[in-house]
Amino acid sequence: MVTTVAVGVDGSATAAEAVKMAAEVARRFEAELVLLSAYNRPLESSQQREVVARTEARLRQEGVRCRTLAEEGNPSEVLVRLAKQCGADILVVGNKGMQRRELGSIPNSVTHTAECSVLVIKTT
């Protein structure tokens, strides 16, 4: 059973597509959606918080039960750590950076290190 779906959010078009899919999965399973955000610098943090807050507000208006977790650090490491922390059954990420049938560094690293199932959304 799927009770928690996590998704990486960074304001990119790729992440927006991942959020759409994650929200659909959460709706179908009546699961909680956890928005995960990773940042490297304080300025990035405030920009990320704004993007994530808007995303969370929109999803709540659409009836999705959701919350946010954010942490400073390497994006792939943060996504994996926060997915584990929230007990995610599925972690959804975009394939940003996918080239020649090889995943970009973040989705590639996440798929190899996450302790839960990973759904990579093809956006490119």
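Trainee: Is Cys-66 buried or exposed?
Mentor: In this predicted model, Cys-66 is buried, with a relative accessible area of 5%.

Trainee: And how many disulfides are there?
Mentor: The count comes to zero disulfides. For Cys-66, the nearest cysteine sulfur is that of Cys-86, 12 Å away. Cys-86 is likewise in no disulfide, and its nearest cysteine sulfur, that of Cys-116, lies at 7.8 Å.

Trainee: Is Cys-86 buried or exposed, then?
Mentor: Cys-86 counts as buried, at 10% relative accessibility.

Trainee: Changing topic: in what order do the strands of the sheet lie?
Mentor: The order is 3-2-1-4-5, in an open sheet of five strands with parallel pairing. Strand 3 (66-72) and strand 5 (117-121) are the edge strands, each pairing on one side only. From one strand to the next, the twist averages 25°.

Trainee: How many bridges join strand 1 to strand 2?
Mentor: Strand 1 (residues 4-8) and strand 2 (residues 32-39) run parallel and are joined by five bridges. Within this pairing, Val-7 stands opposite Leu-35 in strand 2.

Trainee: What about the second largest pocket: which residues line it?
Mentor: Its lining includes Val-9, Gly-11, Ser-12, Val-51, Arg-54 and Arg-58. Helix 1 (13-29) and helix 2 (42-61) are the elements that give two or more residues to that lining. The space in this pocket is about 160 Å³.

Trainee: And what is the lining by class?
Mentor: The lining of the second largest pocket has six nonpolar, three polar and two charged residues.

Technical notes: Residues are numbered from 1 along each chain as its sequence is written. This is a predicted model: local features need pLDDT of at least 70, side-chain atom pairs count only at pLDDT 80 or more; totals for chains, interfaces and linings use all residues. Side-chain values use heavy atoms; hydrogens and water are left out. On a 1 Å grid over the protein atoms alone, a cavity is a set of points where a 1.4 Å probe fits but cannot get out, and a pocket is an open set with protein on both sides within 12 Å along at least five of seven lines; lining residues have an atom within 4 Å of a point. Grid points are joined across faces, edges and corners, and a volume is the space filled by probe spheres set on the points. Helices (H or I, at least four residues) and strands (E, at least two) are DSSP runs, numbered from the N terminus. Ala, Val, Leu, Ile, Met, Phe, Trp, Tyr, Cys and Pro count as nonpolar, Asp, Glu, Lys and Arg as charged, and the others, Gly among them, as polar. A disulfide is a pair of cysteine sulfur atoms within 2.5 Å. Buried means under 20% relative accessible area, exposed over 50%, partly exposed in between (1.4 Å probe, protein chains only). Two strands pair if DSSP finds at least two bridges between them. Axes are lines fitted to C-alpha atoms, for helices over the stretch in contact, and angles run from 0 to 180 degrees between N-to-C directions.
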